[in-house]
Amino acid sequence: MIHHAVPESSNGCCGLAKNSAKTDCVVTLAILVIFIGVCAASPVLAQVPRIYGQDAAASGMGNAFAAQADNPSALHYNPAGMTQLRGVQVLAGGTFVGGTSEFRSPTGLSVTGDRDGIIAWPGPGHGYLVASLQDLGISSLSKLTVGVGVTTPFGSVMRWPDSGPFNGITTFSALPLFNIKPTFAYQLSPDLSIGAGADIYTFASFFGEGHAELQSVSPGGVAPAGSKVELNGRGTAPGFNVGALYTALRNTDGQPIANLAVVYRSQATLHLDGALLINGIKIQDATTTFVLPQVITGGVAVWPIRDAEREWKLELNVDYVGWKSVRNLDIHLADGTVIPQPQNWRSTYAILVGTEYRWLKIDRLPGWQIAIRGGYTNQQTQVPDLNFTPSIPSADSHVVSSGIGLICQGNGSLLGLIPCGSFGVGSVKTKLIGLDFSYQVFLLEPRTISGNTGLRATVNGFYSSIVHAGGFSIRASF
């Protein structure tokens with residue numbers, strides 16, 4: 001899209017370092033799980049092109065998770081939370097995304113856009129591997145936890161009919177960008193942890209087309225009227241993230257009942273090098289630059305109930321997203337031609353609230369835990385009327401989330417066949433298996449665009465959108 005763009009109760013894996021074969025097997029399995037999660041990623045959802053959901057458990061809580069951050073997705077939501085994890089843990093999953101955008105012109109002409117089909121396929125994916133060095137037998141680094149993740153943090157896929165009223169602006173756009181995240185966390189004290197990591201934003205051929213892409217129908221000029229025009233590009237950009245997690249209050253069992261969190265994700269400048277194609281034939285090289293915004297998150301989580309039988313958490317996160325860094329996406333052609341693409345986006349805030357109620361002991365299901373979740377997110381639009389594009393039919397949005405989580409450990413079993421606390425081959429055995437599911441509905445406020453002139457006058461009109469997202473994550477610890 002060149003135009004736009006639960007803590008585990010078991011004892012970890014002490015002694016792994018004494019058995020190199022076991023360590024190798026665990027690492028190999030972890031890599032396979034992450035690969036499965038990553039391969040689910042592709043051109044992705046977002047009316048506002050930042051994808052909040054990077055784990056089904058967090059998504060079920062409206063992605064208000066920075067101050068809880070107690071599963072492997074902490075690597076994304078707050079890297080400092082990784083110090084709460086024991087042993088070697090992996091988590092992988094994806095999201096099924098669907099929905100439509102409706103447009104009605106001032107003259108009454110209507111057209112419908114979608115996410116490149118009923119369901120965008122493949123959808124966004126995520127994968128994480130986290131290891132406590134203490135539990136790997138490295139006593140000199142006992143306070144250090146390391147990990148690596150792959151996520152799809154920014155993106156948009158949008159398809160409109162080739163015969164639509166604004167086909168000279170867009171008919172299809174995609175940004176199949178993914179992020180590789182090597183990360184570490186360190187426990188400074190029993191109540192304070194910090195974390196930091198790199199963000200390597202890039203493209204790959206197995207993620208959609210492997211490049212950002214914008215398609216349209218030529219109104220004449222650069223190409224004969226009616227020609228199919230494609231602009232594409234790919235590149236890599238570095239960034240970083242840091243986080244802190246502080247436990248302000250604990251219960252008599254030493255478990256957190258009030259946490260505070262802060263996370264900073266840096267800006268990154270993505271230079272896209274690609275080509276201009278007319279009817280599928282490359283005409284010349286093309287380049288543009290897209291600035292990924294800085295994001296600052298603050299969070300607080302409290303547990304009104306937390307004992308041996310049940311837990312109830314409430315969390316509030318506030319995000320600041322620095323979209324004002326996106327001033328233009330001017331396209332530079334090899335012959336020196338510049339196609340102006342002013343943006344002048346504005347920075348936004350998001351409010352995320354979520355809750356989770358967890359049953360830790362269930363008489364009829366020994367070894368199982370069950371959680372139910374809910375959440376709400378309010379996002380502001382970053383795109384002003386005069387630079388609006390149907391490639392990103394952005395509007396203020398309300399996101400309602402729900403979810404369920406299942407954890408099986410100890411003497412629990414799946415379908416009475418798979419022992420959750422000892423499933424595996426040889427000396428490589430699971431200590432915990434978790435399944436999480438989420439459903440989110442994105443309700444975008446109706447928006448009327450006006451004031452655009454010339455060719456861009458075709459985007460003036462009434463827009464309404466709704467998006468549905470169903471997510472899953474699979475977790476295992478060793």
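Reply: Let us start with strand pairing. Helices (H or I, at least four residues) and strands (E, at least two) are DSSP runs, numbered from the N terminus, and two strands pair if DSSP finds at least two bridges between them. Here strand 1 (residues 88–104) runs antiparallel to strand 27 (residues 461–477), and 16 bridges join them. This is a predicted model, in which local features need pLDDT of at least 70 and side-chain atom pairs count only at pLDDT 80 or more, while totals for chains, interfaces and linings use all residues. Residues are numbered from 1 along each chain as its sequence is written, and side-chain values use heavy atoms, with hydrogens and water left out.

Me: Which residue in strand 27 stands opposite Leu-91?

Reply: Leu-91 faces Arg-475 there. Strand 27 also pairs with strand 26 (residues 432–449), in the antiparallel sense and over 16 bridges. In that pairing, Arg-447 has Tyr-463 of strand 27 as its bridge partner.

Me: How many disulfides does the structure hold?

Reply: A disulfide is a pair of cysteine sulfur atoms within 2.5 Å. The structure holds 1: Cys-408 and Cys-420, with sulfur atoms 1.8 Å apart. The pair links distant parts of the chain, 12 residues apart, with Cys-408 in strand 21 (residues 397–409) and Cys-420 in the loop between strand 23 (418–419) and strand 24 (424–425). The link is right-handed, with 90° about the S-S bond.

Me: Are Cys-408 and Cys-420 buried or exposed?

Reply: Buried means under 20% relative accessible area, exposed over 50%, and partly exposed in between (1.4 Å probe, protein chains only). Both cysteines, Cys-408 and Cys-420, are buried.

Me: Why does Gly-155 count as buried?

Reply: Gly-155 counts as buried because its relative accessibility is 0%. Gly-155 lies in the loop between strand 4 (144–151) and strand 5 (157–159). Gly-155 and Ile-51 are 104 residues apart in sequence, yet 7.0 Å apart in space, C-alpha to C-alpha.

Me: Which residues have the most contacts inside the largest nonpolar core?

Reply: A nonpolar core is a set of buried Ala, Val, Leu, Ile, Met, Phe, Trp, Tyr and Cys residues joined through side-chain atoms within 4.5 Å. The largest one has 34 residues, and Phe-166, Leu-177 and Phe-290 have the most contacts inside it. Strand 13 (268–278), strand 14 (281–292) and strand 19 (348–359) are the elements that give two or more residues to this core.
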